Amino acid sequence: MARPPLSDAELVERYGPHLNWEPPGGWDAGLEIEREVDTHCAFCGQQCGITLKVANNSVVGFEPRYDFPFNEGKLCPKGVKRYLQGGHPDRLTEPLQRTEAGFRDATWDAVLDRTVSEIRRIQSEHGPDAFGVISGSSLTTEKTYLMGKLARLGIGTANIDYNGRLCMVSAAAGNKKALGMDRAPNPWSDIPHAQVVFVAGANIAECAPITTDYIWRARDRGAKLIVADPRVNPLARTADCFLGLRPGTDTALYGAILRELIQRDLLDHDFIEQRTHGIAEAAAAVDHMTPKWAEGVTGVPASRIEQAAELWGRPATGMLLHARGIEHHSKGVQNVLACINLGLATGRYGKPGCGVCTITGQGNGQGGREQGQKSDQLPGARDIGNPDHRAEVAAAWGVEPDDIPQEGLSYEEQFDAILDGRIRGLLLICSNPMVSLPDTAKTRAALEKLEFFAVIDFFLTESAFHADVVLPGSLHEEEEGVVTTAEGRCVKINAAVSPPGNARRDTDIICDLGRRLGAGQHFAMDGPREVFEEIRRVSRGGVADYAGMTWERLEAEQGIFWPCPTEDHPGTPRLYERSFAHADGKARMLPVEHRDPAEVVDDEYPIWYTTGRVVSQYLSGAQTRRIGPLIEQYPEPLCEMHPRLASVHGIADGDLVRVVSRRGSIEVPAQVVESIRPDTVFIPYHWAGHKAANQLTNPVLDPISKIPEYKVAAVRIERIGPPQRPVGQAAP
Amino acid sequence: MVRGLLATGVVLIMVAAGSGWFRWFDTALAGYLFGVLFFVFASVYRYSVWLQRPPTARLRARGWQALRDPQLRRGNLRSLPSLIGANLLAQSFIRHRSTTRWLAHQLIFWGCVLAVAVTFPLTFGWFHFRSVGQQVSRYEVQFTEIGLLQFDIGGVVAWMFFHALDISAVLVLAGVGIFLLRRLREPGAIATQRASDNLALAGLFAVSITGLMLTVSHQFLEGAFYSFLNVLHALTVVLGLMYIPFGKLFHIFQRPGNLGVTFYSRAAEAGPGQTCARCGQEFASQLQMGDLKEILPQLGYHYETDAQGNYQDLCPNCRRAGVALAQSTAVGGFG
Amino acid sequence: MMGTKLPGSDELIFVIDQSRCIGCGACVTACAECDTHKGTSMMHLDYVDRSQSTQTAPMVCMHCDDPTCASVCPADAIKQGDDLLVQSADQSRCIACSNCVYACPFGVPEVYPERNMMMKCDGCYDRRSEGKAPMCASVCPSEALWFGTADEFDRTRAGTLANSFQFGGQHVTTNVYTVTHELGPVDALLGRGETPQAVTDPFGLEEVGVS
């Protein structure tokens, strides 16, 4: 039973999150900078270039990295303060074993051998798939590749998945269905050339701040801006057309716009005819979606829907950027397909200034799903169910295709399986489900039910509180490797320092585990460079083909866009210039019906609930909740609500309110603002325990992508009373 | 100018009176005396010019007025010793800026105080040493004709007297060293240093090192180069004194103004507050805002608005917000 | 136009375009990393009125040609360098009287009572003297804060550079530029009474009939 050995308060007291404010030794330490290391930010899928300053094997500061073309020195506050995770007092430097009295230091032999023996015990008692593996997308691609290989060839379980499942898999599935490949079709350098930019469910200012400038550059050239969001986020504030839709009604909105494009004949008929299938079916599905009907469903005025169709359809070029706002739904794939249809109908593919792109959220959001840690994929973004793909990977690995397990359970499904006893043990790296999975009570129950729980991490996260053994791994700046950015650009991460104390590089831990599991021949690599060379070999001929990349090329060329099949291939910044990735070279316009979200408001829970991020925090906050200046910027979750809603409940700005869903409740201060729909409340999700916004969310999944519906639930709100303490200043 | 001359005259008279009409005046120190006289003249001149600037004059008037304010006087006077202690002597505010800078400044400050306490009275002829009776080894410190203290030439007191300036030089050099190290090592200090900073440090260094060399020459080199060093030292001291009123070290005379600021702000807080014309929040005192609105036109600034009164009635927050609103309105929402 | 001077085409200029700001706070955090005022940010960033809008107001020192802050300083502590940058308070002189805080029309200087001194943006002259761009303009994701040549600005950005402002009866010219649509002073009272929302009724509540 993986229950925390001490109370949460005691664990927090010992392991944090504590706040780090200053570089090691304080501001006046007068440290001599020994070297400056060009690398990338640890946070978010844009992977901005950054230069880290190093003194005494510690990262002590940063300098803008002007030479990296994506961001040219620009950073968000997370990037600026990222260096404060190094030299942090909470940093794990010794392996830990849980005892009844708390966590105790242990030797590497003890924790690794215990992990191996528990894996084998559970598998012998309950079958090979009774041990699950959850990995993450903030890891370098080398680590993600190793995790997939460890699960399938080392542990021998089908059940490996990763936290990209909670991020953008709806976009991945939608792109594969419609276009045949899962990657942003156009590089960001195309954005300034777009004559219209449509931001659909993406809070770019807070979640991908650097992308702002690309959009502003387009506006400088006269582009129009359309934003669809339940909140008037900082980009929406000045948009030419703001579509303030009700959560969970995206397919009605995009369907109605498609219908308007057809009605007004704003279609690229040549493109549709020559390069797509399915226009008739797609058109039929939206035939009933008049602007007036859509107004009733979405709450967006019909005139704005018509205006959006005009703004999107008229110009020769246009880009649509979407993110979690349309993807975190039980119909996330449908939402993405509806957006892709808007792009296909107007011929916005394979040309400059065009494209329908997802903005991946995690550090290696794109690369983390390409090389084999996704439950349904093998390295090279190959399908695990495709016999040819299986054979290719098996040959590269030197095993029989049957030695590779079939598709396993997705992230949330593994937690269902833990609760019903199909999975008994879990290995977790680079993820914090106690914050990031929907329905926190369910997540806690699942972790507590585990017979054995091993965690590889650099901080003791709220999830690791439950661990039997904790293996201290490496930070972003402690190990070399590559990541692939939101654009599909593979870039080189450089190590600035080495892991402190007895912490080890993640690749060394994973390979050590593989060897102790008796799969030494598959884990003989010495360090990440050898792992990368293996990825090149194994991905050769796959979809995400890295064969032509070398670490040296990645550095010299400031990253390479895959596919890059040979060493003289320049990479592929823009996809689909001649054909789409389906066998017949054509894209599919798929019919998208509208349906309600899984949970809708009713008399008992009359208010829509949606969640998201703030600019100063990254995902589950495991790293950023430990950085003083970032917490200072937005100290605690607030519940955004419109003054009309607030006045109905007698709530004033700063009052403590209780928000209740069918799954749980949360008490947070209210932030009364006109920038949110009057029928919707919003809480950011980066916090843990009683501050976790996911205590309320619905664990229902999209049937195709298996993404949870973080963006829509039904809640009620109650005023508890006046502010209990000075409310966290939400001002930036 | 007049005040400068007057002050110089006063000092001269005090020197004359204190030295028994130059009876005890050490003519070897005449050069120093001229340095001091020039220093006094220039400082007083510079100080009075400074005080005539409208904001300075207003602050000075307000400071004294606030100190004497019947309701605040008692508290003001009671806190005066601790204010002087903390702000002028311990200089704790520098510690809040940086501990190393505070340490360096304290070393230089106390070194200089010690040096001034020893040298000025000697230069003025106020103090002199006299042997007691026929005893070769016993001396007495005299203020004019009054004996203050007797001591043995080989004793600790004697050592302290004869080496007071060496001690102060060591203190100053240590402080200068710390400052120099900062200026060599810390990128921030390197970037912001100005020529005047280094000039002040160079002056302090020159005075201290030439003074110490005198002791070295006398104690260890049997007086070699003594007269040369003597002239050199005198030169550095005199130049240093002349530099003080015009350089960075003029802050020595400005800093006490901070006490006036303290009393001024107490008086201001006791009075009514100024609320912002946009947000309604109190952001300053009416006293200080009233003073500013009077001073600004004297300085040639006209922030008056026709309808709204005065732009200065906005709090700093609302000024920033107002400029942003004005700019985004001017570009129609987005530039 | 009164007081508006155009920069030379290859002159490096600092530009602030508040309308582009997304309030991310990168400038605030980055400024605190500067060697000259470690751990303390000189950057201002406020919501214009969060209850109404997400609009934010970033502000750097505008480096006035004739700085009001320096004129009202009783201690002569604020100096203008040869580079026309208005320096932060001379630490040895500043007596923390707050006159500059209350007189600056842009609301820039701030007094730190414990340190007994005023500190403000000094235009990153430490970085600029080494040929580097100011920290805030280096990191700003929206280019609301921008540093480059006037020529580059004209080639890549919309709008007109302006460096003069009107505050009631006071005309102020600055060495930091802002962006507007026409030459001539930006009237600081222009936005008075404007709601900080580019779109009134962003959700179209009137039109869809939500009361």
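**Chain contacts and local packing in the predicted model**

Four residues of chain A are in contact with seven residues of chain B. On the chain A side of this contact, two residues are polar and two are charged, with no nonpolar residue present.

Between chains B and C, the contact takes 53 residues from chain B and 57 residues from chain C. Several elements of chain B each supply at least two residues of the side that touches chain C, among them helix H3 (54–68), helix H5 (92–97), helix H12 (257–270), helix H13 (286–298), strand E6 (304–305) and helix H14 (316–330). The most is given by H14(B), with 14 residues. By class, the side of chain B that touches chain C divides into 25 nonpolar, 20 polar and eight charged residues.

Two of the helices that supply this side, H3(B) and H13(B), also pack against each other. Their axes lie 9 Å apart, at an angle of about 150 degrees. Since angles over 145 degrees count as roughly antiparallel, H3(B) and H13(B) are therefore roughly antiparallel to each other. The crossing in which H3(B) passes H13(B) is right-handed. From H3(B), the contact is made by Pro54(B), Pro55(B), Arg58(B) and Arg62(B), and from H13(B) by Asp291(B), Ile295(B) and Gln298(B). These residues comprise three nonpolar, one polar and three charged.

Chain B also contains an open sheet, in which three strands are arranged in the order E1-E2-E3 with antiparallel pairing. Strand E1 (127–131) and strand E3 (146–152) of chain B stand at the edges; each has a single partner strand, so one side of each is left without a neighbour in the sheet. On average, and with direction ignored, neighbouring strands of this sheet are turned by 30 degrees against each other. Six bridges join strand E2 (residues 138–143) of chain B to E3(B) in the antiparallel sense. Within this pairing, Glu140(B) has Gln150(B) of E3(B) as its bridge partner.

In chain A, a further helix pair is formed by helix H16 (residues 411–419) and helix H18 (residues 440–449), whose axes come within 9 Å and cross at roughly 55 degrees. That angle makes H16(A) oblique to H18(A). H16(A) passes H18(A) in a left-handed crossing. The contributions to the contact are Phe415(A), Ile418(A) and Leu419(A) from H16(A), together with Lys442(A), Thr443(A), Ala445(A), Ala446(A) and Lys449(A) from H18(A). By class, the contact has five nonpolar, one polar and two charged residues.

Strand E8 (residues 196–200) of chain A has five of its five residues buried, so the strand is largely enclosed by the rest of the structure. Val196(A), Phe198(A) and Ala200(A) point one way from E8(A), while Val197(A) and Val199(A) point the other way, and all are buried. Strands of a sheet pair through backbone hydrogen bonds, either parallel or antiparallel. E8(A) pairs in the parallel sense with strand E9 (residues 224–228) of chain A over five bridges, and Val199(A) stands opposite Val227(A) in E9(A). A parallel pairing over four bridges also links E8(A) to strand E12 (residues 318–322) of chain A. There, Val197(A) has Met319(A) of E12(A) as its bridge partner.

Methods
Residues are numbered from 1 along each chain as its sequence is written. Chains are lettered from A and ligands numbered from 1 in the order in which they are written. This is a predicted model: local features need pLDDT of at least 70, side-chain atom pairs count only at pLDDT 80 or more; totals for chains, interfaces and linings use all residues. Two residues are in contact if their C-beta atoms, placed from the backbone, lie within 7 Å. Ala, Val, Leu, Ile, Met, Phe, Trp, Tyr, Cys and Pro count as nonpolar, Asp, Glu, Lys and Arg as charged, and the others, Gly among them, as polar. Axes are lines fitted to C-alpha atoms, for helices over the stretch in contact, and angles run from 0 to 180 degrees between N-to-C directions. Angles under 35 degrees count as roughly parallel, over 145 as roughly antiparallel, 65 to 115 as roughly perpendicular and the rest as oblique. A crossing is left-handed if the near helix is turned anticlockwise from the far one by less than a right angle, and right-handed if clockwise. Two strands pair if DSSP finds at least two bridges between them. A residue is buried if 20 or more other C-beta atoms lie within 10 Å of its own, exposed if 12 or fewer, and partly exposed in between; C-beta atoms are placed from the backbone.
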